[in-house]
Amino acid sequence: MMQKTVFNIAKMDCPSEEQMIRMKLAGCRSIHALDFDIPGRRLTVYHEGGHEAVFKQLDSLKFDTTLIGSEAVDTIEQGAAAQGQGKAERALLWQVLAINLFFFFLEAVSGVLAGSMGLLADSLDMLADSAVYALALLAVGGTVQRKKKTAFSAGVFQLVLALWGFAEVVKRFIGWERVPDFKTMIAVSLFALAGNAFCLYLLQKSKSREAHMQASMIFTSNDIIVNLGVIAAGAFTLWTHSKYPDLIVGTIVFVLVGSGAWKILKLAR
């Protein structure tokens, strides 16, 4: 008899946690389907036998997992059965990935030319999102080992860049550096803001309730907040003629990028 078990996972709030859970449960032959609700932090598992083994695997991830309930069902509900079959959704995610990569290169080059750590940090935030999207898309259908290798490579690369960025911020805090070009900061960030707003529009237009699409909306919304932070730093740079607003925003974003890299590296365990 098929069992439908629902878990509350308090710390599941982005695609990296979803990927960790998928890989953790990949070896459980009794599981037939997984249905993720990232905004609601719930996971529905369709499986055979008792739920204890599934709970043990989830609990080992330390995501504050609790059991909501379990019941016998005859069939897998449509949402879970259709997971991974949406070609239109995959195509949309590829579009969002391409836009993120474009703005990564644009902001990285602009950040170097303008002397802005805020722009450089924002570019790495774009790269971090791209890494998560690529990890989810390129590893589909692959083995668990392939997914772990992909996650490890993406995580190491992202972590190295985040550590370099943080070290550069520290160096600029204690040393003499020219005031960044606030015009470039504001102009490029406004362009990136428009790009992220367009991505969010595309994602919302899809009206998908799938977990990876909902998570992508959360990521893109966070990117918009970062864009606004860099714009604010540019405005404060104009007002104060100081390097510190840019460095403060850069520090915050580099910490966020490093945290994301650490989550991705946990996928490879």
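1. A nonpolar core here is a set of buried Ala, Val, Leu, Ile, Met, Phe, Trp, Tyr and Cys residues joined through side-chain atoms within 4.5 Å, where buried means under 20% relative accessible area, exposed means over 50%, and partly exposed lies in between (1.4 Å probe, protein chains only). Helices (H or I, at least four residues) and strands (E, at least two) are DSSP runs, numbered from the N terminus.

2. This is a predicted model, in which local features need pLDDT of at least 70 and side-chain atom pairs count only at pLDDT 80 or more, while totals for chains, interfaces and linings use all residues. Residues are numbered from 1 along each chain as its sequence is written, and side-chain values use heavy atoms, with hydrogens and water left out.

3. On the surface, Phe166, Val170, Phe173, Ile174, Tyr244, Ile248, Ile252, Val255 and Leu256 form a nonpolar patch with about 850 Å² of accessible area together. The elements that give two or more residues to the nonpolar patch are helix H6 (144-174) and helix H9 (244-267), and the largest share, five residues, comes from H9. Accessible areas come from the Shrake-Rupley method with a 1.4 Å probe, and for residues only the protein chains shown count as cover. Val255, which lies in helix H9, counts as partly exposed at 47% relative accessibility.

4. A search of the whole structure finds eight aromatic pairs. Among them, Phe102 and Phe191 form an edge-to-face pair, at 6.3 Å centre to centre and with 85 degrees between the planes. Rings of Phe, Tyr and Trp (its six-membered ring) pair if their centres lie within 6.5 Å, and planes under 30 degrees apart count as stacked, over 60 as edge-to-face and the rest as tilted. Phe102 is partly exposed at 45% relative accessible area, and Phe191 is partly exposed at 44%.

5. Strand E2 (residues 31-37) and strand E3 (residues 42-48) run antiparallel and are joined by six bridges; two strands pair if DSSP finds at least two bridges between them.

Technical notes
Patch = residues over 30% accessible without salt bridge, like charges linked within 9 Å, V, L, I, M, F, W, Y side chains within 5 Å. Salt bridge = Lys/Arg side-chain N within 4 Å of Asp/Glu carboxyl O.
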